[in-house]
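This report covers pockets, helix packing and local backbone features. The sequence and structure are shown first.

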Amino acid sequence: MSTETLTGAAELRAFLHGLPGVDRVGAEERAARLASRSIKTTAKAAAIDLAISMVDLTTLEGADTPGKVRALCAKAARPDPDDPDVPRVAAVCVYSDLVDVAVRALDGTGIGVASVATSFPSGRAPLEAKLADTRAAVDSGAAEIDMVIDRGAFLAGDYAKVFDQIVAVKEACGPAHLKVILETGELATLDNVRRASWLAMRAGADFIKTSTGKVSPAATLPVTLVMLEAVRDFRAATGRRVGVKPAGGIRTTKDAIKYLVLVNETAGPDWLSPAWFRLGASSVLNDLLMQRRKLATGVYSGPDYFTQD
């Protein structure tokens with residue numbers, strides 16, 4: 001290892017460990033306070049439409065088929081077949097070998113295709129394999145890549161390895177945007193969440209994402225609060241804006257609206273757009289549609305009215 005590499009690794013460690021510590025109790029109390037805010041009917045209707053437009057509709061199962069992906073894409077483009085005024089979702093997220101199926105199904109809709117890569121969900125693979133996975137997804141038409149960091153390296157303090165891998169994957173993405181999954185449920189502390197957020201942003205992440213959805217706990221309000229503070233402070237320091245995506249565990253309209261309030265009050269209204277905030281929560285879409293129908297008609301349609309994801 002060269003002296004220059006050692007100096008870079010030492011500088012990165014010093015920077016990350018020089019970040020202010022997170023007051024866990026304070027973060028939990030602030031997140032709970034913001035989550036308790038009530039939303040009036042007209043604001044709720046707008047919030048539901050905004051939340052729908054931020055959903056990354058996702059299927060990441062070993063049993064996924066081209067037919068399932070095509071059905072998911074049809075729902076992404078027309079979430080409620082009886083109501084053309086319902087917004088389209090932000091993106092459809094699939095495994096890399098099904099990207100081409102999703103790209104063809106979404107042609108002309110304006111909806112992007114995201115693909116998980118880099119040995120999702122573990123992140124444990126040689127860098128060459130991670131880069132090949134990324135390039136294959138981009139070559140198939142993926143507009144967004146969701147990579148996972150090597151949590152083992154991060155927790156062992158090998159920040160330079162994690163940083164260098166993100167830089168390499170970002171380069172392999174070419175024109176595609178890069179979302180970096182921190183898998184916050186394995187990072188143990190909010191201090192680590194803050195460090196991982198800054199590390200990913202310094203390495204070139206376009207988005208930072210809480211979770212794969214395969215580990216519990218997944219997204220939580222306090223974790224997302226820390227990540228939103230990080231992107232806010234990063235823009236103040238560098239002028240570059242980075243998006244945030246909580247993923248996993250967001251199941252109801254009430255949950256989704258809590259996250260929108262958190263975004264508005266922490267990072268600010270600039271982030272209240274699918275370009276800068278996403279919800280990785282396919283199961284929440286049906287509840288958003290049911291609540292939307294209830295506001296419009298006064299009657300719940302029930303979960304069987306909408307397709308199951």
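## Basis of the description

Helices (H or I, at least four residues) and strands (E, at least two) are DSSP runs, numbered from the N terminus. The model is predicted: local features need pLDDT of at least 70, side-chain atom pairs count only at pLDDT 80 or more, and totals for chains, interfaces and linings use all residues. Residues are numbered from 1 along each chain as its sequence is written, and side-chain values use heavy atoms, with hydrogens and water left out.

## Pockets

A pocket is an open set of points on a 1 Å grid over the protein atoms alone, where a 1.4 Å probe fits and protein lies on both sides within 12 Å along at least five of seven lines; lining residues have an atom within 4 Å of a point. Grid points are joined across faces, edges and corners, and a volume is the space filled by probe spheres set on the points. The largest pocket holds about 570 Å³ of space. Its lining has 26 residues, and those closest to the centre are Thr58, Gly280, Ala281, Ser282 and Ser283. At least two lining residues of the largest pocket come from each of β1 (56-58), α4 (66-77) and α12 (283-297). By class, this lining has 6 nonpolar, 12 polar and 8 charged residues. Here Ala, Val, Leu, Ile, Met, Phe, Trp, Tyr, Cys and Pro count as nonpolar, Asp, Glu, Lys and Arg as charged, and the others, Gly among them, as polar.

The volume of the second largest pocket is about 210 Å³. Of its 13 lining residues, Ile39, Lys44, Thr253, Lys254 and Ile257 are the closest to the centre. Both α11 (253-266) and α12 supply at least two residues of this lining, and the largest share, 5 residues, comes from α11. The lining of the second largest pocket divides into 4 nonpolar, 4 polar and 5 charged residues.

Axes are lines fitted to C-alpha atoms, for helices over the stretch in contact, and angles run from 0 to 180 degrees between N-to-C directions. The axes of α9 (residues 190-202) and α10 (residues 221-238) come within 9 Å and cross at roughly 40°. That angle makes α9 oblique to α10, on a scale where angles under 35 degrees count as roughly parallel, over 145 as roughly antiparallel, 65 to 115 as roughly perpendicular and the rest as oblique. The crossing of α9 and α10 is right-handed; a crossing is right-handed if the near helix is turned clockwise from the far one by less than a right angle, and left-handed if anticlockwise. Residues of α9 in the contact include Leu190, Val193, Trp198 and Met201, and those of α10 include Val223, Val226, Met227 and Phe234. Contact means heavy atoms within 4.5 Å. The contact of α9 with α10 has 12 nonpolar, 1 polar and 4 charged residues.

Helices α10 and α11 have axes 10 Å apart and pack at an angle of about 30°, which makes α10 roughly parallel to α11. Their crossing is also right-handed. On the α10 side, Leu221, Thr224, Leu225, Leu228, Glu229 and Arg232 meet Lys258, Tyr259, Leu262, Val263 and Thr266 of α11. By class, these are 6 nonpolar, 2 polar and 3 charged residues.

## Packing of α3 and α12

Helix α3 (residues 41-54) packs with α12 at an angle of about 150°, and their axes are 10 Å apart. The crossing of α3 and α12 is left-handed. Thr41, Lys44, Ala45, Ile48, Asp49, Ala51 and Ile52 of α3 meet Leu285, Leu288, Leu289, Gln291, Arg292 and Leu295 of α12. This contact divides into 8 nonpolar, 2 polar and 3 charged residues. Lys44 is also among the residues closest to the centre of the second largest pocket.

## Backbone features in loops

The loop between β3 (112-116) and α6 (127-139) contains Pro121, and the peptide bond from Phe120 to Pro121 is cis, with omega near 0°. Thr118 is found in the loop between β3 and α6. Phi of Thr118 is positive, near 60°, in a residue other than glycine.

A cis peptide bond also joins Ser216 and Pro217, with omega about 0°. Pro217 lies in the loop between β6 (207-209) and α10.
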